[in-house]
Amino acid sequence: MNRLRAWFLAPSWAVILLLFLFPMLIILAYSLLTRGTYGGISLPWSLESYQRFADPIYLGILWRSFWIAGASTVISLLLGFPLALFISRAGKRKNLYLSLVILPFWTSFLVRTYAWMFLLRDTGLINSTLQKLGIIHDPLPLLYNDGAVILGLVYGYLPFMVLPLFGTLERLDRNLLEAAADLGARPWATLLRVVLPLSAPGIRAGVILVFIPCLGAYLTPDLLGGGKSVMIGNLIQNQFTTARDWPFGSAISLALMAVVMLLLIAFVRRDEEGLL
Amino acid sequence: MNRRVFLVGASGLAACSSSDRRPRLNVFNWSSYIAPDTVPKFEAEFGARVRYGIYESNEEMLARVMGGNSGWDMVFPTGYIVKPMLANGLLAPLDHAQLPNLVQLEPRFQQPDWDPELKWSAPYMVTAAGIAYNRKLNPPPRAWADMWDARLRGKLTMLDDPFDTIGAALKKLGLSVNTSDREQLLRAEAEAIKQKPLLRAYLNAEVRDQLISGDVLAAHMWNTTAQQAMDSSPQLGFVYPAEGYAVYPDCSVILRESKRPELAHKFINFLLRPDIAAANALAARTTTTNSGARKIFPPEFRDNPTLYPAEEIIARGEWAKTVDPDSQRLRDRMWTEIKSA
Amino acid sequence: MKRSGRPLAIYALAAYLFLHLPLLILAAFSFNESRFTVWQGFSFRWYTAAWHDSQLMEATGNSLIIAVFATVLSTIIGTLCAYGLWKRRSPVLSGSLYLSLVTPEIVTGVSLLAFYQWIFRFLQVQLGMHTVILAHVSFSIAYVVIVVMARLRTVDGSLEEAALDLGANEWQAFRYVTLPAVLPAVVAAALLAFTVSFDDYVITSMVAGVDSETLPMVIYAIARRGVNPVVNAISALLVLGFGSLILISERLRTT
């Protein structure tokens, strides 16, 4: 038993050690160094970058990012669950429907984002259609605000919610559902009291796969938010590019990761089985 | 099993690329900053093969070459980035013996302040920041102060770049874009925050389409991008603000990691040839640093007000200089505060 | 069950429309004669332009190669890992996988860039296809593990025990009992890994070398300068290509 398991885990260990943990150690080291005169890193060692981060303006940005990522995750869950349910019941066409969910995402994310910008603009498709139908007179400001960012995030990460949900829903024992129906439960009750709890692992997986990237997103808030609002991802990106302050950027990144890890531990501790 | 497949595949890929015997030059330049036939001409004349990559910002370029193993031979930084690159040991010195065409440069670019002896860089082309507007706007904007005009609420954009946007605010206050004076910078920050509610967004080149459609009536824009937009849309105009504006001279440098410095020198010299420089400026719609090129421009281009404005307008321009490290941190913080306001 | 079928199907239709609407718009305007968003007649010119754009074609090829290699590697490694973790937990490995998920893309990109720079001092490793593939594998594994793991949790462990009792060895138990049970999740995970790899911009742009430009990088460069229907054309082609592949494989599967 153990030998096979060791072989199975070995490649993952190799990848994680070499391509994740070691680079992360480098980033940790960077966060404890100082910004070089013209960018990059230099001695001396110091905790200054972390101290700088403990400032209302940066913490406020962190808070904002949590809020936006949270909203996006909840909406994806609400949108994605019925869709995953539908696909899991689709019989022979399951893979087809699944692939149709993924298909749009084989075009570039940027192109899809620009397509949304085209739809949402003042002179874009949505506004001009609404105006032509006489529903509105002046164009609605659909673009360059938080709503547009959330829309973009939901759109971008929906498959990350649908796929794990599908994974668990598909394996659902039909007998349980039939039993519930036999006992007189209506479809909604079956859904809430039987399907939902049984799909908890998929929901947890989906929530994690959506919330985390949304938190660290920077292209979407940049493009759809018009660069007017800063999420933590933008802040980090700015440090590594324009500001060339690698230590500060590294410190923010590690602080973010620590906060999220704490949340995940709290989230997962609620039942015995961990997610991974 | 997986590893073997990967290694075989990878070596297969590597083998594919080594079939061409010509010397290779890897050039990393700004987008739309060269004439389409310049590289083929160089390849034909010197029997070389050029891999030409593009980037959109100095930061993007720097992030890639910082490590010294990017694979690029030549890049085109803006003048104010040369010092930081030098400080980080990224540059190879220029051998003037291999660059006879350096004399073609205009006098003011023979001794630029970032590299007075041209030891490391060869000036290439120049951009400047100003205001592009849709002619629907009447009266048209004339100064930075017009970008703070409440009647343009929701129809204004500024560049998504701290140096440019803070610079515009500084100019509006009559100050230098390169100042490191803390008090002056804070005043500029206050101005930028005052402007934010009026802004539609912070956008760079992509604002062009919204300018044309009328979503945006006035946009903070570089003259090169503006000229490219104006080429296809006569309803757009460009103005150099009355209070002054920032100027960004770009230059070519050879990276220290380059294994083909002689070929790189040949390319730089090639770019300095008047006919080539003229073709580049014409195609890319830019201001050239090459006086030989200017002489052979067609008259409409030579007198283009956006790219080759009158002397008194040039006098208002201020070259962007390297931001000193302490001020950099303040500016960085200011930018975060402006964006989060 | 069947009673709730109709509303669910209608919802699914609406959801698919939402997902594909931007695509349809893109495709529609890829046939636009004018480069701007005003319709000016039907034309194939952007398709010919895309076909002749060697940089675009090469980038697409690179993206495909990278995605295929990265998907195969990460799916295999990730599935094996999920199985191993399911058998007995390993807090350190799980924690590290968690961490790799939690890391913002820009940070992963920078850390890998720094790592490659560090390695560069000892081995002459330049940035290139291999660095990108390895980077993609590193961030895809966690996704695969999560998706497969979620499915493994619903698999009855006693089935394997029964197989072992009946004389199978561990490998056979895995191969013939558990693996078939999680195969749909493995396929879903592979799809996810392929998507994530093909679509990645942030990390790839940081670790790509001179010859390894990918499609997202080229598109980003083009689109940054404004609307360009060439991008629409290539997107439409990609969707058409992948869509056909899927339809064909569906046909093959169900015959």
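A salt bridge is a side-chain nitrogen of Lys or Arg within 4 Å of a carboxyl oxygen of Asp or Glu. The exercises below use a predicted model.

**Exercise 1. The contact between chain C and chain B**

Task: Decide whether C:Glu58 and B:Arg51 qualify as a salt bridge, then describe the contact around them.

Solution: 
- Step 1. Take the distance. The side chains of C:Glu58 and B:Arg51 come to 3.1 Å, N to O.
- Step 2. Apply the cut-off. The limit is 4 Å, so a pair at 3.1 Å counts as a salt bridge.
- Step 3. Count the polar links. Chain C and chain B share three salt bridges. Five residue pairs are in polar contact, both residues being at pLDDT 80 or more.
- Step 4. Find the elements on the chain C side. Those giving two or more residues are helices H3 (54-87), H5 (105-120), H6 (129-152), H9 (202-207) and H10 (215-224) of chain C. H3(C) gives the most, with seven residues.
- Step 5. Sort that side by class. It has 20 nonpolar, seven polar and five charged residues.
- Step 6. Chain C supplies 32 residues and chain B supplies 32 residues. The buried area is about 2,800 Å², with 55% from carbon and sulfur atoms.

**Exercise 2. The contact between chain A and chain C**

Task: Work out how many residues each chain gives, and which helix of chain A gives the most.

Solution: 
- Step 1. Count residues. Chain A brings 92 and chain C brings 95.
- Step 2. Read the area. The size of an interface is often given as the accessible area lost when the parts come together. Here chain A and chain C bury about 9,200 Å², and carbon and sulfur atoms hold 78% of it.
- Step 3. Look for charged pairs. There are two salt bridges between chain A and chain C. A:Glu170 forms a salt bridge with C:Arg151, with the closest N and O atoms 2.5 Å apart.
- Step 4. Name the helix. H1(A) gives the most to the side of chain A that touches chain C, with 20 residues.
- Step 5. Sort that side of chain A. It divides into 70 nonpolar, 13 polar and nine charged residues.

**Exercise 3. A helix under cover**

Task: Is helix H12 of chain A mostly covered or mostly open?

Solution: 
- Step 1. Locate H12(A). It runs over residues 232-240.
- Step 2. Count. Eight of its nine residues are buried, and H12(A) is mostly covered.
- Step 3. Check some names. Among the buried residues are A:Ile232, A:Leu235, A:Asn238 and A:Phe240.

**Exercise 4. One asparagine**

Task: Is B:Asn223 buried or exposed, and what does its side chain meet?

Solution: 
- Step 1. B:Asn223 is at 2%, and the cut-off is under 20%, so it is buried.
- Step 2. Find the polar partner. The side chains of B:Asn223 and B:Tyr240 make a polar contact of 3.0 Å.
- Step 3. List other contacts beyond four places in sequence. They include B:Thr127, B:Phe238 and B:Thr306.

**Exercise 5. The fold of chain C**

Task: How many helices and how many strands does chain C have, and what share of its residues is buried?

Solution: 
- Step 1. Count elements. Chain C has eleven helices and zero strands.
- Step 2. Count cover. Of its 255 residues, 60% are buried.
- Step 3. Check the contacts. Among those in chain C between residues at least 6 apart in sequence, 71% join residues at least 24 apart.
- Step 4. The C-alpha trace of chain C spans about 70 × 65 × 30 Å along its principal axes.

Definitions and conventions. Residues are numbered from 1 along each chain as its sequence is written. Chains are lettered from A and ligands numbered from 1 in the order in which they are written. Side-chain values use heavy atoms; hydrogens and water are left out. Buried means under 20% relative accessible area, exposed over 50%, partly exposed in between (1.4 Å probe, protein chains only). Helices (H or I, at least four residues) and strands (E, at least two) are DSSP runs, numbered from the N terminus. Contact means heavy atoms within 4.5 Å. Buried area is the accessible area (1.4 Å probe) that two parts lose on being put together, summed over both. A polar contact is a pair of N or O atoms within 3.5 Å; within protein, one must be able to donate a hydrogen and the other to accept it, and residues adjacent in sequence count only if both atoms are side-chain atoms. Ala, Val, Leu, Ile, Met, Phe, Trp, Tyr, Cys and Pro count as nonpolar, Asp, Glu, Lys and Arg as charged, and the others, Gly among them, as polar.
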